[in-house]
Amino acid sequence: MSTQEHGQPLLPGTLDLLVLRTLLFKPEHGHGIAMAIEQHSRETLLVDHGSLYPALQRLERLKLIRAEWGVSSNNRRARFYELTARGRRELHHQVSTWQRMVRSIGHVLGPEFTEE
């Protein structure tokens, strides 16, 4: 997780959730996953490849994603990851948990800290 001047390090435990969400609609290779997270977060969340690849291996071991070799858009051989049915269920569970946590923290912080 990078701390470049315009980016935020990821909160512990969020990388798996973001990877699963990124793979919801189409398979992607590791660098593409990192770029998608960065783009969808408006360049706020930056994913370090040193954290990403161990996470991909862990998610594959847990059978939440699977990988196949393919060719990237720049004609390079790359592993493409896709979400499994088990991964979709886990994504749903993690999103629900995350949303409950955000609501709970919001209640503690109170309305005086909401952005306008």
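Which residues line the largest pocket?

Modeller: Please bear in mind that the model is predicted. The lining of the largest pocket consists of Leu-18, Arg-21, Thr-22, Phe-25, Lys-26, Glu-28, Ala-36, Ile-37, His-40, Ser-41 and Leu-45. Two elements each give two or more residues to this lining, namely α1 (14–22) and α2 (30–40). The volume of the largest pocket is about 300 Å³. Sorted by class, its lining comprises five nonpolar, three polar and three charged residues.

The protein contains four helices and three strands, and their order along the sequence is α-β-α-α-β-β-α. The C-alpha trace spans about 50 × 35 × 20 Å along its principal axes.

The two helices of the lining come next. Two packed helices are described by the angle between their axes and the distance between the axes. For α1 and α2, the angle is about 100° and the axes are 10 Å apart. An angle of 65 to 115 degrees counts as roughly perpendicular, and α1 and α2 are therefore roughly perpendicular to each other. Where they touch, Leu-18, Val-19 and Thr-22 of α1 meet Ile-33, Ala-36 and Ile-37 of α2. This contact of α1 with α2 has five nonpolar residues, one polar residue and no charged residues. Leu-18, Thr-22, Ala-36 and Ile-37, which take part in this contact, also belong to the lining of the largest pocket.

From α1, the residues in contact are Leu-15, Asp-16, Val-19 and Leu-20, and from α3 they are Ser-51, Leu-52, Ala-55, Leu-56, Arg-58 and Leu-59. By class, the contact of α1 with α3 divides into seven nonpolar, one polar and two charged residues.

Another partner is helix α4 (residues 85–109). The axes of α1 and α4 come within 10 Å and cross at roughly 125°, and the two helices are therefore oblique to each other. The crossing in which α1 passes α4 is left-handed. Here Thr-14, Asp-16, Leu-17, Leu-20 and Arg-21 in α1 meet Gly-87, Glu-90, Leu-91, Gln-94, Val-95 and Trp-98 in α4. The contact of α1 with α4 holds five nonpolar, three polar and three charged residues. Arg-21, a member of this contact, is also one of the residues lining the largest pocket.

In summary, α1 and α2 each give two or more residues to the lining of the pocket.

Notes: Residues are numbered from 1 along each chain as its sequence is written. This is a predicted model: local features need pLDDT of at least 70, side-chain atom pairs count only at pLDDT 80 or more; totals for chains, interfaces and linings use all residues. Side-chain values use heavy atoms; hydrogens and water are left out. On a 1 Å grid over the protein atoms alone, a cavity is a set of points where a 1.4 Å probe fits but cannot get out, and a pocket is an open set with protein on both sides within 12 Å along at least five of seven lines; lining residues have an atom within 4 Å of a point. Grid points are joined across faces, edges and corners, and a volume is the space filled by probe spheres set on the points. Ala, Val, Leu, Ile, Met, Phe, Trp, Tyr, Cys and Pro count as nonpolar, Asp, Glu, Lys and Arg as charged, and the others, Gly among them, as polar. Axes are lines fitted to C-alpha atoms, for helices over the stretch in contact, and angles run from 0 to 180 degrees between N-to-C directions. Angles under 35 degrees count as roughly parallel, over 145 as roughly antiparallel, 65 to 115 as roughly perpendicular and the rest as oblique. A crossing is left-handed if the near helix is turned anticlockwise from the far one by less than a right angle, and right-handed if clockwise. Contact means heavy atoms within 4.5 Å.
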